[in-house]
Amino acid sequence: MPCQSSEQLNELVLKAKKFTKQGKVADYIPALKKANRDELSIAIYHPDGTCISAGDIQQKITLQSISKVLTLALALTDCGEAEVFKRVGYEPTGDPFNSIVKLETNKVSKPLNPMINAGALAVTHMIKGKSIEERFGRLLTFIRELTGNSGISYSKEVAVSEFETSHLNRSLCYFMKQHGVINEEVEGLMDLYTKQCAIEMDCLDLARIGLVFAMDGVEPKTEKRLLPAYVARICKTFMVTCGMYNASGEFAIRVGIPAKSGVSGGIMGAVPNRFGIGIFGAALDEKGNSIAGLKLLEMLSVEYSLNMF
Ligand code: DON
């Protein structure tokens, strides 16, 4: 059964909202501390262009790790599958998203997958352009196309706040530079990466991106292909295997849809051939996923039989 109305969504949001009390907002990026822990909102965007929603869906959030799916899509389009997977692996990891341990213990010293920070930095390294500005401009243009929203931009405050405090991400970059995974100047890459994480949008924009992935790279209303089908397929596969970091296995069992979270509390979901989902709930669990957002997705999945397995 399709998800029918905003009223039905509202009921689920009210149930899931209780869980915000058990989480806490991200504080390792100082600018994210200001988020409201109690908030929970969702938008669902259908192929016919209709949208149902609940909560304050106009609230803007920064993409954070959700951007990793989008940079992967752009890098795959820029460089092709073979080139991308020379620098980053295919396999999930049981480690936290910012862990450095596998870079050292893995025989071939490259990040295990594009959804952990090391892998995402290696992917951002592959985005083409003559300067950081040009590369970031290309990413923004790509995201504006995916959302159909030419107003998409980024939060300078969040980007600067992360840039000034990203010591661990810098160390991942230096480690990878030492081993030839990346070969550009680390400060420039950090500038690009922190800007990509600070790209801002609301739940509806997120849901519209989810829909493009759900429809194998085609925007269904305009019937325009925005991504090659194989790129959409690879991104969705990583969303299933690694989208919730070291909680991805449990998420696949409990919810069973391709989805990607970020530490700002956003989740982008793509229900194959059905709809796109955008969620915002700033309170996070201990693994860095929106605690009430996960509950809400679990309820939706059960209620509307979304589990693809
Ligand atoms: O690299 C970082 O730490 C952040 N900008 C993104 C991390 C993130 O969203 C992980 N999320 N669950």
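How much space lies in the largest cavity? In this predicted model, the answer is about 80 Å³. Thirteen residues line that cavity, and the closest to its centre are T93, D95, S99, K102 and I116. Sorted by class, its lining comprises eight nonpolar, three polar and two charged residues.

The structure holds two cavities of 30 Å³ or more. The second largest cavity has about 40 Å³ of space, and the ligand sits in this cavity. Its lining consists of Y28, Q64, S65, F97, N117, E162, Y193, C197 and V263. Of these lining residues, five are nonpolar, three are polar and one is charged.

The next step is to consider the surroundings of the ligand itself. The ligand is surrounded by 13 residues, the closest being Y28, Q64, S65, E162 and Y193. This shell divides into six nonpolar residues, six polar residues and one charged residue. Two parts of the protein contribute to the shell: domain 1 (4–62 + 201–303) and domain 2 (65–197) each supply at least three residues.

Several individual atoms can then be examined. An N or O atom in the side chain of Y193 is 2.6 Å from an oxygen atom of the ligand. An oxygen atom of the ligand also lies 2.8 Å from a backbone N or O atom of V263. At G288, a polar backbone atom is 3.2 Å from a nitrogen atom of the ligand. On its own, the ligand has 340 Å² of accessible area, and the protein covers 99% of that area.

Note on methods:
Residues are numbered from 1 along each chain as its sequence is written. This is a predicted model: local features need pLDDT of at least 70, side-chain atom pairs count only at pLDDT 80 or more; totals for chains, interfaces and linings use all residues. Side-chain values use heavy atoms; hydrogens and water are left out. A residue is near a molecule or strand if one of its heavy atoms lies within 4 Å of it. A polar contact is a pair of N or O atoms within 3.5 Å; within protein, one must be able to donate a hydrogen and the other to accept it, and residues adjacent in sequence count only if both atoms are side-chain atoms. Accessible areas come from the Shrake-Rupley method with a 1.4 Å probe; for residues, only the protein chains shown count as cover. On a 1 Å grid over the protein atoms alone, a cavity is a set of points where a 1.4 Å probe fits but cannot get out, and a pocket is an open set with protein on both sides within 12 Å along at least five of seven lines; lining residues have an atom within 4 Å of a point. A molecule sits in a cavity or pocket if more than half of its atoms lie within 2 Å of its grid points. Ala, Val, Leu, Ile, Met, Phe, Trp, Tyr, Cys and Pro count as nonpolar, Asp, Glu, Lys and Arg as charged, and the others, Gly among them, as polar. Domain bounds come from an automatic or database domain assignment. Grid points are joined across faces, edges and corners, and a volume is the space filled by probe spheres set on the points.
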